[in-house]
Structure formats: structure tokens, C-alpha cells
Amino acid sequence: MKSETIISEQFYANSSSAISEKTLNGSFFRTNEKSQKVHVERPTSPFGLAVLIATFLLLIAGVFMVIQLQDDFEQFHFERIASTWGLPFLIITTILFFYQVGVFLYSSYLYLRYKAIPSVSDDLLPTCTIIVPAYNEGKLVWDTLLSLAESDYPAEKLQLLAIDDGSKDDTWYWMQEAKAKLGDRVTIFQQPKNQGKRQALYRGFKLGTGEIFVTVDSDSIVKKDTLRNLVSPFVVNKKCGAVAGNVQVLNNKKAILPKMLNVSFVMSFEFQRSAESQLGSVLCTPGALAAYKRDAVFNCLPEWINQTFMGQPSDIGEDRALTNMILKQGFEVKFQRNAVVLTNVPEEYKGLYKMFIRWARSNVRENLMMAKYVFTDFRKESKFGARMLFLNQFFKIAMTYPFLLFMFYFIAVHPVLFLSSTLMAILIFSSFSMLFYAKRYTLSESFWAYSYSVFYTFSLFWIAPYAIATANKKGWLTRGL
């Protein structure tokens with residue numbers, strides 16, 4: 001397949017016309033199972049180039065320091081083993097390290113076996129209700145609705161619902177504009193006040209008539225064949241209860257953080273969820289794009305909408321919670337790499353850490369919920385995959401504070417050794433993400449894997465311990481932590 005390009009202006013055209021055919025069929029969307037290597041044209045950014053250069057200089061300096069400080073590392077190692085807590089901690093961390101290596105190798109094997117299910121024919125496609133909840137999205141919701149309306153899906157089998165969750169901006173105006181253009185192809189609703197995404201989705205579930213529910217965030221754009229690819233697993237696999245879409249970054253030309261997150265998302269979805277899909281146990285169907293079997297949703301809808309945590313109503317993590325409840329019913333949850341959606345991500349640090357805190361709190365809550373059923377006979381088929389993935393998540397949470405305390409101790413006693421070893425570890429472990437992205441897409445963009453790891457390690461390390469300590473807190477953090 002020839003290398004092709006797509007530029008951001010195609011998604012952010014100032015005209016109020018529908019998203020053009022050229023946009024929807026741009027090269028970023030021409031994703032197939034034979035070849036996924038795409039050249040994405042990006043404007044030259046002196047600042048971005050400076051960030052990449054600084055990253056590599058920092059990592060090279062870390063490797064150089066490790067080489068120069070070998071005697072100090074050996075001395076620290078002996079001192080740690082000789083201490084009361086040092087040897088037990090070393091044994092535990094060694095066991096967990098080899099467990100993680102084993103999980104990674106097994107995941108790699110599963111990834112190599114993964115193949116997305118091709119779309120079934122029009123006559124086999126099920127009836128589908130698409131639910132688009134929106135809050136303060138402005139014109140983005142227009143782009144979302146038009147991209148969905150232009151999907152290559154039989155019109156008579158498609159129901160499109162858009163729900164304004166009490167927005168304070170012009171979101172409702174753009175929904176009305178979409179309604180004026182699309183007519184009966186879209187139905188719009190307005191909540192009397194802001195009640196949260198879960199309530200908006202709940203309204204859509206109650207109004208929907210389709211055999212399959214599809215949820216799409218109102219700042220996302222789908223390709224023409226995304227919907228048919230997303231729902232095809234339900235047709236060929238009657239045990240399938242939910243399907244996760246392939247989320248990629250839409251605004252990756254606007255700022256440095258989206259460029260970094262673009263590489264991270266590819267690793268998270270195209271590698272990790274591919275492996276989870278082989279086990280029938282994708283742990284989270286993303287809010288940006290997910291599909292659910294109607295029966296599976298209604299089996300747990302009262303529990304989902306009334307979900308609480310430590311006595312408080314749950315108003316975050318609605319996607320992870322619904323996935324968890326569907327897994328609990330014994331259904332399989334799959335991932336479709338060929339169901340691509342582009343979504344906006346935060347461009348500033350504040351928005352990013354708030355998003356990560358929401359995700360981390362939800363992860364803590366849902367792992368506690370998953371612990372209640374994962375070791376029961378919840379599924380007739382093999383439960384090994386779901387249990388392995390749960391244990392992997394559990395160990396990460398359980399070891400968060402021990403590792404944090406060790407990190408602070410290491411910094412206090414040997415700050416230079418800590419810095420150099422951390423940088424070398426980043427160089428080693430980020431290389432897989434870099435190589436994976438380079439093989440799937442482009443070499444030049446893949447180097448952001450290193451910058452993202454440096455950025456996350458030194459500026460977002462506090463997310464996990466903070467989320468664990470505040471897992472009971474509510475809200476989307478629009479008014480603080």
C-alpha cells in the first residue's frame with residue numbers, strides 16, 4: 001500500500017458543510033488488516049524537535065551515568081540485601097518482575113495470533129442504536145454526528161440519538177444544526193440539567209430500539225466502515241457481549257501532549273487490547289467507541305445506573321463499569337482493530353492529569369468489583385485469561401505504595417543512582433513501544449514513546465497513589481480534585 005497523508009485541516013475545516021468524503025476516506029482511516037503502515041504528514045515543529053532531542057540527550061546521559069557508577073550500584077545492592085526489609089522486598093519485586101515478563105511474552109503471543117473480524121454483509125448486520133452524549137463540546141458534536149451519519153451502514157438499520165447533557169455552551173445549537181441537515185436520520189434530546197454522562201447514556205439505552213448499542217463520545221470522528229466493523233463480532237460470535245473500538249488521537253498536530261498520547265494509545269489499543277481480545281476479556285470498552293449487545297446491557301442496567309462506591313453514587317468510569325458487569329454475566333468482550341475512531345485528548349497538563357485520575361480511580365473501583373466474581377464460575381469457557389488480567393491489575397495496585405516508598409528512599413539516599421537507573425529503564429522499556437509504533441505507522445512519530453515515558457515518570461507518577469487514596473471521590477474534576 002502506498003504511503004499516504006492526511007492533515008488536521010481536514011478535520012477542522014471552518015465551513016459548516018458536512019464532513020467531506022475526502023476527509024472520511026483520508027489515509028489515516030484507510031486501515032486494513034494487510035497493511036497498517038501510514039505516513040502522516042505533520043508540520044515542522046521546532047519546539048517538538050527540541051523536546052525529542054532533549055529527551056535523547058537525557059536518556060544517553062542516564063546510560064553514561066549508569067556505566068560510570070557501576071561500583072556505586074553494586075554497593076547499594078549489597079546494602080539493600082543486608083537490610084532487614086531489603087531482601088524480602090527484593091524477592092517480592094523479582095517475582096513480580098518475572099510475572100510481568102511472563103504476562104508480556106504471553107500477550108505478545110496473543111497479539112501475533114489476533115485478527116480483526118471482517119465486516120459481515122449488509123443483510124446480516126444487526127439493527128444498531130448509536131448514542132452520543134455531549135456536554136460543552138460545541139461544534140465538535142456536529143462533526144461527530146455527521147461522520148456517523150455518513151457511515152457505510154444500512155440506513156434502515158441505524159438509529160442515531162444525540163443527548164445534550166445540560167451544556168452551558170453552544171452544543172445544543174450545533175445539535176439542532178445537525179438535526180436540520182440530517183433530518184430523520186438523527187434524533188436529539190436535551191437533559192433539563194447536567195446530570196453526568198452515565199445518566200445521558202442511560203436515557204439513550206432506554207430510548208434505543210437497536211439490537212446493538214454503540215456509544216460514541218461527542219468529540220470523536222469515525223471512518224465510513226467503523227460501525228459495520230465494530231458490530232460484526234456480535235454476528236459471528238453469539239457469546240460476544242461487548243466490543244471495544246480502536247481509539248486514536250485526533251488533535252495530535254495541535255500540541256506536544258497529543259503527539260505523545262498518540263503513540264501511547266496505539267500501544268494500549270492495538271497491542272494490549274488485541275491480546276485481551278484473544279482471551280475474550282477486554283477489561284474496558286472505551287467511551288470514545290464501544291458496542292454492547294442489547295440483552296447484556298439490560299441484564300445489568302439497573303445495577304449500572306444505581307452503582308455506588310463507599311455509599312456514594314458512581315458518576316465516573318461508566319465504560320469500565322459496564323464492561324465489568326457484562327464480563328460478569330459470562331459474555332466475551334472483544335476488540336476490533338479495524339473499527340477506528342479519532343478522538344480529542346487534553347492538550348495541557350491540567351486536563352491530562354484530571355483525565356488520568358478519573359481513569360485510575362475507576363480502575364481501583366472496578367478491580368475491587370471484579371475481585372468479587374473473577375474466581376467464581378462466572379463463565380462456562382476458560383476463565384484463565386480474565387483471572388490473569390485481573391491479577392496483573394491487582395499486583396500493580398497492591399505494589400503502588402511499596403514502590404513509592406522505595407522510590408522516595410532511593411532518591412533520599414542515592415539521588416544520582418535513582419536518576420540514572422530510571423532513565424536507563426525508560427530507554428529500555430520504551431523501546432518496545434517505539435518499535436511497535438514504527439512498524440505499524442511511522443518511525444519519525446515513534447520516538448515520542450521516549451518523551452512520553454520521561455514525561456509520565458517524572459510528572460505523573462503521583463496519579464496512581466493519589467487515585468487509590470481518593471478512590472471514593474466523585475466527579476469529572478471540572479471543579480478541582
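This is a predicted model: local features need pLDDT of at least 70, side-chain atom pairs count only at pLDDT 80 or more; totals for chains, interfaces and linings use all residues.
If we set aside residues up to four places away in sequence, the contacts of Gly166 are with Tyr135, Gln191, Lys193 and Asn194. Of these, let me pick out Gln191, which is 25 residues from Gly166 in sequence, while the C-alpha atoms of the two are 5.3 Å apart in space.

Let me now turn to the sheet, which is open and made of 8 strands with mixed pairing, in the order β3-β2-β1-β4-β7-β6-β10-β5. The edges are taken by β3, residues 186-190, and β5, residues 220-222, and since each has a single partner strand, one side of each is left without a neighbour in the sheet. On average, and ignoring direction, neighbouring strands of this sheet are turned by 30° against each other.

Coming back to β2, this strand pairs with β1, residues 128-134, in the parallel sense over 7 bridges, and within that part of the sheet Ile131 stands opposite Leu161 of β2.

Finally, the helices: α6 lies across β1, β2 and β3, and runs at about 155° to β3. Helix α9, residues 256-278, also packs on the sheet, where it touches β6, residues 240-249, and β10, residues 332-343, with its direction making about 155° with that of β6.

Conventions
Residues are numbered from 1 along each chain as its sequence is written. Side-chain values use heavy atoms; hydrogens and water are left out. Contact means heavy atoms within 4.5 Å. Two strands pair if DSSP finds at least two bridges between them. Helices (H or I, at least four residues) and strands (E, at least two) are DSSP runs, numbered from the N terminus. Axes are lines fitted to C-alpha atoms, for helices over the stretch in contact, and angles run from 0 to 180 degrees between N-to-C directions.
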